[in-house]
Every structure is written in C-alpha cells, then in structure tokens.
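Biologist: I'd like a close look at a single part of this model, together with whatever surrounds it. Could you pick one and take me through it slowly?

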Amino acid sequence: MYVRIWNLREDHDLTQREVSEFLFCDQSLYSKYERGVRDVPVEIIIKLAKLYHTSTDYILGLTDCKEPYQ
C-alpha cells in the first residue's frame, strides 16, 4: 500500500506538502504514511482514493485496476 500511495502521488506530479495540505495533516506525518512508518487511517485512504480518482481497493493492494468502481 505504501508504494502505491507514493506512486500515485508521483504519477499526479504532486509533492508531499500538496497532498498533506489536501489531507489537512503535517507533511512529516504524510511522509511516514508513504514510508510505512505509520499506519494509514481509513479516513485518509478514502480521501486519497477521491484525490486520485481510484478505488480504496487499489490503494490497499486488493486489485491492480486503478479505475474506481462505478
């Protein structure tokens, strides 16, 4: 999951600071999410899925399909 949120951020040309501002958290906390130092709360996974227009299942590694469910 941690590699996926890093890849999604990179694919969308966003910085950690931009994503952390979207999530209303510190950049250092978001960095810990990407590195796997801290578990990502469900609320954050949902917000990331909305930001990247993907499914929570993709972020969690349950599917390789980036497209959100219809």
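Modeller: Happy to. When I speak of a helix here, I mean a DSSP run of H or I that is at least four residues long, and helices are numbered from the N terminus. Please keep in mind that this is a predicted model.

Helix α2 covers residues 16-23. Which of its residues are buried? They are Q16, V19, S20 and L23. These four cover an arc of only 100° around the axis, and that puts them on the same side of α2. Against what does this buried set pack? Its partners are α1 (2-11), α3 and α4 (42-52).

Start with Q16, which belongs to α2. Q16 counts as buried because its relative accessible area is 18%, and the cut-off for buried is under 20%. Setting aside neighbours within four places in sequence, Q16 has contacts with R9, Q27, Y30, S31 and E34. There is also a distance you can check on your screen: Q16 and W6 lie 10 residues apart in sequence, and their C-alpha atoms are 8.9 Å apart in space.

Now for the packing of α2 on α3. Two packed helices are described by the angle between their axes and the distance between the axes. For α2 and α3 (residues 27-35), the axes come within 9 Å and cross at roughly 105°. That angle makes α2 roughly perpendicular to α3. On the α2 side, the residues that meet α3 are Q16, R17, V19, S20 and L23; on the α3 side, they are Q27, Y30, S31 and E34. Sorted by class, this contact holds 3 nonpolar, 4 polar and 2 charged residues.

F24 is not a glycine, and its place is the loop between α2 and α3. With a relative accessible area of 75%, F24 is exposed. Two other residues also have a positive phi. D13 follows α1, with a phi near 50°. H53 sits in the loop between α4 and α5 and has a phi of about 55°, although H53 is not a glycine. H53 is exposed too, at a relative accessible area of 59%.

Next comes α1, one of the helices that the buried residues of α2 pack against. The buried residues of α1 are R4, I5, L8 and R9. Seen down the axis of α1, they fall within an arc of 135°, so they line one face of the helix. They pack against α2, α3, α4 and α5. The axes of α1 and α3 come within 6 Å and cross at roughly 120°. α1 and α3 are therefore oblique to each other. From α1, the contact uses Y2, I5, W6 and R9, and from α3 it uses Y30, Y33 and E34. By class, the contact of α1 with α3 divides into 5 nonpolar, no polar and 2 charged residues.

Finally, a stop on α5, the helix of residues 56-60, where D57 is found. D57 counts as partly exposed because its relative accessibility is 22%. Apart from neighbours within four places in sequence, D57 is in contact with L62, T63 and Y69.

Technical notes. Residues are numbered from 1 along each chain as its sequence is written. This is a predicted model: local features need pLDDT of at least 70, side-chain atom pairs count only at pLDDT 80 or more; totals for chains, interfaces and linings use all residues. Side-chain values use heavy atoms; hydrogens and water are left out. Axes are lines fitted to C-alpha atoms, for helices over the stretch in contact, and angles run from 0 to 180 degrees between N-to-C directions. Angles under 35 degrees count as roughly parallel, over 145 as roughly antiparallel, 65 to 115 as roughly perpendicular and the rest as oblique. Contact means heavy atoms within 4.5 Å. Ala, Val, Leu, Ile, Met, Phe, Trp, Tyr, Cys and Pro count as nonpolar, Asp, Glu, Lys and Arg as charged, and the others, Gly among them, as polar. Buried means under 20% relative accessible area, exposed over 50%, partly exposed in between (1.4 Å probe, protein chains only). The arc is that of the directions from the helix axis to the C-beta atoms.
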